[in-house]
Amino acid sequence: MDSNQRSKRHFNFWITVLYKLCGFCLFYLGLVRPIQTIIVREVIAPTIQSTLPDESDIVVLVSQDDYWIESRSDKFVNIFLNLPFNGYFWLASFLIWNFKKWKIFKFVFIYNLVLFIIHPIFIMILFNKIYWIAPIINAHEMVYKALFISMGIIALKEGIKDPNDIELMIR
Amino acid sequence: MAQWLTKNLKIEINKSISPLALFLIKAGAIYAFWQLFYDLVLLPDGRLDTFLSLTGINMAGGLLSLLGWDVDVSGRVLTCVGHSGIEIQNGCNGLNLLGLYGGFIFAYPGDWKKRLIFLSTGLLVLFFANILRIAFFAVFNANLPQYWDVAHDYSSYIFFYPIVLSFWYLWTVISDQKDTLISG
């Protein structure tokens, strides 16, 4: 393959990636995020708040698909949470799936399922007045989200390195 | 002796852990440290947050003035004269995103000299992107205040994430890492 063909393939590859990325954005911002916003506002936040006594110092607030738990008297740092299978999952999955990195996709998928258990446990610990858990919850949120998109970027880079994938992408 | 042991231990660890797992452990540790440091030190201290918020507001105000807008800067509030202003609070100044960006650059294998150059360039670009974002907010709020929430919620997808992801990708290319981290 001469350099002209290679750069043409490269260009086509990136056009395809951008095209698919636009599709992903439409899917996520137009469908997934609005659904998650409704679930957070109508189900998650009221359910968490209902487990607290009326005179509780803790309050659950919502902004789009984020919900955060804060103490009115600043007993702990504000905790920002998202539902499992949030935007970070979808972005990572989009990249990993496109480049057929199945092992890593399985890991990301299973970790999101595990989040259904981890988040309630964290919240229960916090509501039992073990406030030192708050920064750990925030650190966990940061770590898993950052690692998901990191894995997506690595999948993208290594997908490009694999000539078979380039062949598939430009068909 | 101690040096020899450390060197051999490092080699053994590198042999037994896959490159991807090693990257994930490193990155995870950096991100956890950063978030804990932010929550336990930087946030209560507030000086870095305040500095970033005030600098961002002042530079965004300067940029808009340069572009011919009549603006007023007062503390953390930037106002296009005659309209309601915007306020940059701690937590909205992009500091967390700088940590997100830096964690990957630190953890992904590569030459340290290149890494430091790339890290500072990226942080600087993100800092200026935040200034553009603040300026955009002020102008947007002056013209379309009814859509403020939409602009605020989606601004990261326009101003921050494309930059972070592009720089991460560029770093994986520039760092010239030949190893494949992920198998199929």
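This is a predicted model: local features need pLDDT of at least 70, side-chain atom pairs count only at pLDDT 80 or more; totals for chains, interfaces and linings use all residues.
Residues are numbered from 1 along each chain as its sequence is written, and chains are lettered from A and ligands numbered from 1 in the order in which they are written.

Helices (H or I, at least four residues) and strands (E, at least two) are DSSP runs, numbered from the N terminus.

Staying with chain A, look for its open sheet of 3 strands, which has the order β1-β2-β3 and antiparallel pairing. Two strands pair if DSSP finds at least two bridges between them. In chain A, β1 (58-63) and β3 (79-82) stand at the edges with a single partner strand each, so one side of each has no neighbour in the sheet. From one strand to the next, the twist averages 25 degrees. Strand β2 (residues 66-71) of chain A pairs with β3(A) over 4 bridges in the antiparallel sense, and Tyr67(A) stands opposite Leu81(A) in β3(A). Helix α1 (residues 3-50) of chain A packs on the sheet, touching β1 and β2 of chain A, and its direction makes about 175 degrees with that of β1(A). Such angles run from 0 to 180 degrees between N-to-C directions, and axes are lines fitted to C-alpha atoms, for helices over the stretch in contact.

The loop between β2 and β3 of chain A holds Asp74(A), which has a positive phi of about 55 degrees although it is not a glycine. Asp74(A) counts as exposed, with 10 C-beta neighbours inside 10 Å. A residue is buried if 20 or more other C-beta atoms lie within 10 Å of its own, exposed if 12 or fewer, and partly exposed in between.

Now turn to chain B, whose secondary structure comes to 7 helices and 3 strands. Of its 184 residues, 30% count as buried. The axes of helix α5 (residues 112-143) and helix α7 (residues 161-174) of chain B come within 11 Å and cross at roughly 165 degrees. α5(B) and α7(B) are therefore roughly antiparallel to each other, a label for angles over 145 degrees. Among the residues that meet in this pair are Phe118(B) in α5(B) and Phe167(B) in α7(B). The residues of this contact divide into 8 nonpolar, 1 polar and 1 charged.

Finally, Ser175(B) is found in the segment after α7 of chain B. Ser175(B) is partly exposed, with 17 other C-beta atoms within 10 Å. Leaving aside neighbours within four places in sequence, Ser175(B) is in contact with residues including Tyr108(B) and Lys114(B).

Definitions and conventions: Two residues are in contact if their C-beta atoms, placed from the backbone, lie within 7 Å. Angles under 35 degrees count as roughly parallel, over 145 as roughly antiparallel, 65 to 115 as roughly perpendicular and the rest as oblique. Ala, Val, Leu, Ile, Met, Phe, Trp, Tyr, Cys and Pro count as nonpolar, Asp, Glu, Lys and Arg as charged, and the others, Gly among them, as polar.
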